[in-house]
Amino acid sequence: MSWSRRRVLALAVPGMAVLPLAGCFKPMLAEDSAASGLRGQIALPEIVDRFDYHLVQSLESRLGRPDATAYRLDVQTSISEQALAVTQDNSVTRVTLTATAEWALYRDGDTSPVLTGRANTQSGYNATGSLYATRQTRRDIERRLARDLGERISRIVLARADRVTA
């Protein structure tokens, strides 16, 4: 196989274009970053049901277990269900769940939020003839949706940590 100059340049030039930018990026949770200063400082929402449990577990894994809190995170969640595939006898065979979280981050003692946002995620499952299997599948999807919402919320909070701590 012959390597032409054109092929060598085509492969080398894109890599060289990124090289000057290599020193410009810093990990979000680096020791001296604003995001690392928020870890363990945010009081997480109260657990009311199974969905909230998985959401809080996801938030805690990213934001840290709260020690001495300086902030409070309030999250309101809702789940909607839509039947996508219906047979001629009106049996549902495919269901899509959409989970939405309206969230706000407050400084302790403040009534106006420092950050607010909305996170959405969606997943679906096949309904089977077995009621047990369908329920277990739905629980698995709800757990997955809660974890995804937690990831989305924590990613935004950590990305905007410099605004929060300023």
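**Note on the salt bridges**

1. The structure contains nine salt bridges, a salt bridge being a side-chain nitrogen of Lys or Arg within 4 Å of a carboxyl oxygen of Asp or Glu. This is a predicted model, in which local features need pLDDT of at least 70 and side-chain atom pairs count only at pLDDT 80 or more, while totals for chains, interfaces and linings use all residues. Residues are numbered from 1 along each chain as its sequence is written, and side-chain values use heavy atoms, with hydrogens and water left out.

2. Glu81 and Arg138 pair through their side chains in a salt bridge of 2.3 Å, N to O. Because Glu81 sits in strand E2 (residues 71-86) and Arg138 in helix H4 (residues 131-159), this pair ties together parts that are 57 residues apart in sequence; helices (H or I, at least four residues) and strands (E, at least two) are DSSP runs, numbered from the N terminus. Arg138 is partly exposed at 24% relative accessibility, where buried means under 20% relative accessible area, exposed over 50%, and partly exposed in between (1.4 Å probe, protein chains only). A network of salt bridges links Glu81, Arg138 and Glu142.

3. Between Arg118 and Glu102 there is a salt bridge whose closest N and O atoms are 2.6 Å apart. Arg118 belongs to strand E4 (residues 115-126) and Glu102 to strand E3 (residues 92-107), so the pair ties together parts 16 residues apart in sequence. Arg118 is exposed, with a relative accessible area of 52%, whereas Glu102 is partly exposed at 37%.

4. Asp74 forms a salt bridge with Arg72, the closest N and O atoms lying 3.4 Å apart. Asp74 is partly exposed at 29%, and Arg72 is partly exposed at 30%.
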